[in-house]
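Please read this briefing alongside the structure shown below. The points are grouped by topic, beginning with a single residue and moving out to the whole chain.

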Amino acid sequence: MKELLVAKNIGFCFGVKRTIEETEKLLEKFSSLSTIGDIVHNPIIIEKLKSKGLNVYNSIKELKGKYFLIRSHGLSKKEIEKIKKLGFEIFDLTCPLVKRIHNLVENLNEKGYYIIIIGNKNHPEVLGIKGYGKKINIIEKKRDFLNIKDKKMEKVAVIGQTTLNFNYFLDFVNDIINRVNANEFLVINTICKVTEEREKEGIEIAKKSDAVFVLGGKKSSNTKKLFNICKKFCANTFHIEKISDLSKINLDKFKKIGIVSGTSTPHFFINEVIEYIKKF
Ligand code: F3S
């Protein structure tokens with residue numbers, strides 16, 4: 001008899017849920033919508049939306065159509081302007097928490113702060129946020145400090161990508177304060193509580209389980225982080241993107257199986273995985 005430990009904080013976060021629901025409504029109305037990049041990092045959802053008329057492009061140059069959707073990660077002001085100039089009607093589905101960071105960066109910019117974003121340099125959310133400031137730098141690795149170490153600055157504000165782990169953020173903040181030469185530091189916690197809660201719960205579940213299944217897209221940064229965190233506490237941690245990934249795992253070996261998910265994982269997929277394990 002197997003025991004399943006299913007996380008309470010599971011499935012879509014409110015930002016992703018809102019984006020998908022609004023996209024579906026817009027697709028019913030317009031039947032064709034254009035966007036740049038996956039609107040959420042989950043291939044199952046993307047395929048479903050594509051079949052309803054969502055067209056995903058890689059860059060502004062390639063864009064076709066009349067209606068444009070800004071995904072939950074947000075987009076820089078400059079890019080939005082370019083898309084407007086091409087004649088698109090724009091629907092903004094940026095997560096409200098990311099939007100809050102855009103406003104914050106604009107405000108800090110007006111007040112003359114040099115802004116440091118701790119996060120992934122290539123992540124669309126971080127690139128979007130960067131577009132709202134002028135004196136702004138992304139720190140992803142400790143060696144990135146070399147770019148700013150010798151500058152003498154008046155005021156420095158530090159923010160983070162929404163999906164960062166809080167301790168990781170604090171570690172970088174400490175380094176910035178020690179290495180950067182400034183008269184004033186302002187540190188703002190911009191980490192989304194949703195991912196923090198999932199990480200905490202993931203640790204609890206991983207500690208009690210023989211195996212943990214982390215459900216979500218392979219491109220989803222919060223799912224990857226959740227996987228790495230759970231792996232520290234349970235060696236048999238598996239990243240499951242599609243149901244066929246389960247066939248490669250010998251479920252016989254495990255009695256207690258933990259189930260956690262990233263923020264862009266649909267409930268129907270979670271239920272499918274649970275049913276698969278139950279049948280087994
Ligand atoms: Fe928004 Fe947090 Fe989800 S930033 S998209 S509610 S993970």
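**A buried histidine and the fold around it**

His-73 has a relative accessible area of 10%, under the 20% cut-off, so this residue counts as buried. The model is a predicted one. The protein contains 9 helices and 12 strands. Its radius of gyration is 21 Å, close to the 19 Å that the globule rule gives for 280 residues, so the protein is as compact as a globular protein of that length.

**Surroundings of His-73**

- His-73 sits in the loop between strand S4 (67-70) and helix H3 (77-85).
- Leaving aside neighbours within four places in sequence, the contacts of His-73 include two other histidines, His-41 and His-123.
- Also in contact with His-73 are Asp-38, Ile-39, Thr-94, Val-98, Pro-124 and Glu-125.

**Overall form**

- The C-alpha trace spans about 65 × 50 × 25 Å along the principal axes of the protein.
- Of the 280 residues, 52% count as buried.
- Among contacts between residues at least 6 apart in sequence, 71% join residues at least 24 apart.
- The accessible surface comes to about 14,000 Å², and 51% of that area belongs to carbon and sulfur atoms.

**Nonpolar cores**

- In soluble globular proteins, nonpolar side chains tend to be buried together.
- The largest nonpolar core here has 27 residues, and those with the most contacts inside it are Phe-213, Leu-215, Ile-259 and Val-260.
- Two or more residues of this core come from each of helix H7 (193-208), strand S10 (211-215), helix H8 (221-233), strand S12 (256-261) and helix H9 (267-279).
- Another core, of 24 residues, lies apart from it; Ile-70, Phe-88, Val-126 and Ile-129 are among its members.
- Which residues does Ile-259 contact, leaving aside its neighbours within four places in sequence? They are Leu-4, Leu-5, Val-6, Ala-7, Ile-10, Ile-205, Phe-213, Leu-215, Val-273 and Ile-277.

**Leu-226 and Ser-261**

- Leu-226 lies in helix H8, and Ser-261 is found in strand S12.
- Leu-226 has 2% relative accessibility and counts as buried.
- Ser-261 is buried as well, with a relative accessible area of 0%.
- Not counting residues up to four places away in sequence, Leu-226 touches Arg-198, Glu-199, Val-214, Val-260, Ser-261 and Gly-262.
- With sequence neighbours up to four places away again not counted, Ser-261 touches Ile-10, Gly-11, Arg-198, Leu-215, Leu-226 and Ile-270.
- The C-alpha atoms of Ser-261 and Val-214 are 5.3 Å apart in space, although the two residues are 47 apart in sequence.
- Leu-226 and His-239 are 13 residues apart along the chain, and their C-alpha atoms are separated by 9.4 Å.

- Glu-197 and Asn-9 are 188 residues apart along the chain, yet their C-alpha atoms are separated by 7.4 Å.
- Ser-31 is placed in the loop between helix H1 (14-30) and strand S2 (33-36).
- The phi angle of Ser-31 is near 60°, a positive value in a residue other than glycine.

Technical notes. Residues numbered from 1 in each chain as written. Predicted model: local features only at pLDDT ≥ 70, side-chain atom pairs only at ≥ 80, totals over all residues. Heavy atoms only, no water. Helix = DSSP H or I, 4+ residues; strand = E, 2+ residues; numbered from the N terminus. Rg over C-alpha atoms; globule rule 2.2 N^0.38 Å. Buried < 20%, exposed > 50% of the residue type's maximum accessible area, 1.4 Å probe, protein only. Contact = heavy atoms within 4.5 Å. Areas by Shrake-Rupley, 256 points an atom, 1.4 Å probe, with all protein chains shown as cover. Core = buried A, V, L, I, M, F, W, Y, C linked by side-chain atoms within 4.5 Å.
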